[in-house]
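Visitor: I would like a close look at one part of this model, with the cut-offs spelled out as we go.

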Amino acid sequence: DTSYSRQIPPEQFKRIIANHGADKLVFATDFPWESAANVKYQVDSLCLPPEITDKIYYRTAAKLLRLETQIIH
């Protein structure tokens, strides 16, 4: 999960995603130690393609939880 990602340098975080895949990463925070806004900023600052950030933010979790996903933008 992304809960400790602000401690990882951006280029290393990108390598982790590239090497392991966004299908194995879910958005999470370590609240109260880290806010969701700060973690979201970290992920957004990587300038990843939308299909990757969509997986990180909700698609991977929805798949793991076997939830139907209707995307509304």
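Visitor: Leaving aside its neighbours within four places in sequence, which residues is Leu25 in contact with?

Guide: This is a predicted model, in which local features need pLDDT of at least 70 and side-chain atom pairs count only at pLDDT 80 or more, while totals for chains, interfaces and linings use all residues. Residues are numbered from 1 along each chain as its sequence is written, and side-chain values use heavy atoms, with hydrogens and water left out.

Beyond those sequence neighbours, Leu25 touches Asp1, Thr2, Phe13, Ile17, Lys55, Ile56 and Thr60, where contact means heavy atoms within 4.5 Å. Three of these partners, Phe13, Ile17 and Ile56, share with Leu25 the largest nonpolar core, whose 8 residues also include Ala22, Val43, Leu46 and Leu48. Such a core is a set of buried Ala, Val, Leu, Ile, Met, Phe, Trp, Tyr and Cys residues joined through side-chain atoms within 4.5 Å; buried means under 20% relative accessible area, exposed over 50%, and partly exposed in between, with a 1.4 Å probe and protein chains only.

Helices are DSSP runs (H or I, at least four residues), numbered from the N terminus.

Lys55, another contact of Leu25, forms a salt bridge with Asp23, the closest N and O atoms being 2.9 Å apart. Because Asp23 lies in the loop between α1 and α2 and Lys55 in helix α3, the pair ties together parts that are 32 residues apart in sequence. A salt bridge is a side-chain nitrogen of Lys or Arg within 4 Å of a carboxyl oxygen of Asp or Glu, and by this rule the count comes to 2. Asp23 is partly exposed, at 46% relative accessible area, as is Lys55, at 29%. The other bridge joins the side chains of Asp44 and Lys40 at 2.6 Å, N to O; being 4 residues apart in helix α2, these two are separated by about one helical turn.
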